[in-house]
Amino acid sequence: MLERFRAVGLGDTVQSWIGKGPNQSITPEQVTRAMGLDWLQQLAAVVTDGDKEAAAEKAQAALAAGVEPMAAVEGGLRKGIEAVGDRYGRGEAFLPELVMAAAAMQAGLRVFQPHLKVTSALGSGKGLAAIGSVAGDVH
């Protein structure tokens, strides 16, 4: 975590947190930049816009900037598709917008997928699959 702050030019601030003496303050904008939150917002926006080319480009750029792949998927791509799904549920978006958002999310996922770490709750290295359907889903 501290390396992220150092990478965006906040090395002296980080050192003040670790060393003796008073801690230097940090602005919310600096935290956003260091943690890659602006990347997450950008990823969510391209999914919401249904722009699959931009989603792939933003995903590549986020990886190059050091954004954790799972954080990008959960905090960026998923947030975007959830926003469109919520709008769809309220009747403010229609099926074509939902399909375009899903295609954009898939484009981003294809970029992040090779970089995601596989973990297992079972500890055996084998995955766990759950199968089901959502009540009332017409698909």
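This is a predicted model: local features need pLDDT of at least 70, side-chain atom pairs count only at pLDDT 80 or more; totals for chains, interfaces and linings use all residues.
Local features need pLDDT of at least 70 and side-chain atom pairs count only at pLDDT 80 or more, while totals for chains, interfaces and linings use all residues. Residues are numbered from 1 along each chain as its sequence is written, and side-chain values use heavy atoms, with hydrogens and water left out.

Helix α7 covers residues 95-112 and has 18 residues; helices here are DSSP runs (H or I, at least four residues), numbered from the N terminus. From its first C-alpha to its last, α7 reaches 26 Å, close to the 26 Å expected at 1.5 Å a residue, where the expected span is 1.5 Å times one less than the number of residues. The buried residues of α7 are Ala101, Ala104, Met105, Ala107, Gly108, Val111 and Phe112. Seen down the axis of α7, these residues fall within an arc of 155°, so they line one face of the helix; the arc is that of the directions from the helix axis to the C-beta atoms. On the other side of α7, Pro96 and Arg110 are exposed. Buried means under 20% relative accessible area, exposed over 50%, and partly exposed in between (1.4 Å probe, protein chains only).

| Residue | Helix | Relative accessibility |
|---|---|---|
| Ile18 | α2 (residues 11-18) | 47% |
| Lys79 | α6 (residues 69-89) | 43% |

Leaving aside neighbours within four places in sequence, Lys79 is in contact (heavy atoms within 4.5 Å) with Ala44 and Glu74. The C-alpha atoms of Lys79 and Val47, which are 32 residues apart along the chain, are separated by 8.6 Å.

Terms used
Helices (H or I, at least four residues) and strands (E, at least two) are DSSP runs, numbered from the N terminus.
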